[in-house]
Amino acid sequence: MSSAEDGQKHAPPQPTAPPFAPPAAAAADFESPVPPPPAAGAGSGMGVPAIVRRWRRDDLVRKGSLVLRGLALLFSLLAFIIMASNKHGDWKDFDRYEEFRYLLAISILATLYTGAQALRHVHQISTGQDLVKRQTSALIDFAGDQVVAYLLISAASTAVPMTNKMRNNVDNLFTDCLAASISMAFFGFLTLALSALISGYKLSTQSYI
């Protein structure tokens with residue numbers, strides 16, 4: 001009896017069940033919390049520097065359009081004045097030739113268009129408000145610049161053959177004025193063509209929302 005009790009006293013202790021442990025996935029979630037979402041505008045290019053750059057670019061585009069239309073106004077006005085004053089009697093009157101009358105008419109049209117556009121741009125830059133809606137003005141600029149530029153190059157190209165024919169026979173003040181008027185119309189075409197490129201850029205970046 002004593003030997004049995006001694007055996008029970010010297011028996012190794014029985015293993016006990018370990019305490020409850022949370023699952024591995026839950027423990028991992030507890031140890032590494034979810035990072036907070038990034039701040040608005042971070043990494044999207046819409047921060048303050050991007051907005052400032054866009055404002056500067058828009059201001060440069062507006063001023064560039066004004067300068068180009070001002071130059072187009074100057075060239076168109078010179079083409080109109082030089083051709084209208086080119087009357088020296090007999091065959092040396094511009095209005096005796098259809099090509100030169102066409103160039104005069106287109107020069108007047110270009111002068112009126114570029115003058116109205118320049119005044120509108122001056123009003124927009126000085127007051128910050130446009131006379132028409134922004135979407136409508138972008139479409140008018142793009143279409144108007146292309147049409148008037150095409151008319152100017154068409155009129156200049158029409159007057160060149162007759163002018164060259166006259167200069168082959170005689171070179172005088174009349175033919176010099178014709179060449180000068182054609183040159184001014186060509187320069188007006190170049191400036192309006194560049195203005196049309198800027199108008200196309202503004203139209204393509206226009207928001208319609």
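1. Helix α6 covers residues 173-204, 32 residues in total. From first C-alpha to last it reaches 47 Å, close to the 46 Å expected at 1.5 Å a residue. The expected span is 1.5 Å times one less than the number of residues. Helices here are DSSP runs (H or I, at least four residues), numbered from the N terminus. At the start of α6, a side-chain oxygen of N172 comes to within 3.2 Å of the backbone nitrogen of F174.

2. A word on the basis. This is a predicted model, with local features needing pLDDT of at least 70, side-chain atom pairs counting only at pLDDT 80 or more, and totals for chains, interfaces and linings using all residues. Residues are numbered from 1 along each chain as its sequence is written, and side-chain values use heavy atoms, leaving out hydrogens and water.

3. The overall fold comes next. The protein chain has six helices and zero strands (a strand is a DSSP E run of at least two residues). Its pattern along the sequence is α-α-α-α-α-α. Take contacts (heavy atoms within 4.5 Å) between residues at least 6 apart in sequence. Of these, 78% join residues at least 24 apart.

4. D145 deserves a look. D145 sits in helix α5, residues 134-169. D145 counts as buried because its relative accessibility is 0%. Leaving aside neighbours within four places in sequence, D145 contacts R69, Y113, I140, L192, S195, A196 and S199.

Terms used
Polar contact = N/O pair within 3.5 Å; in protein donor to acceptor, adjacent residues only side chain to side chain. Buried < 20%, exposed > 50% of the residue type's maximum accessible area, 1.4 Å probe, protein only.
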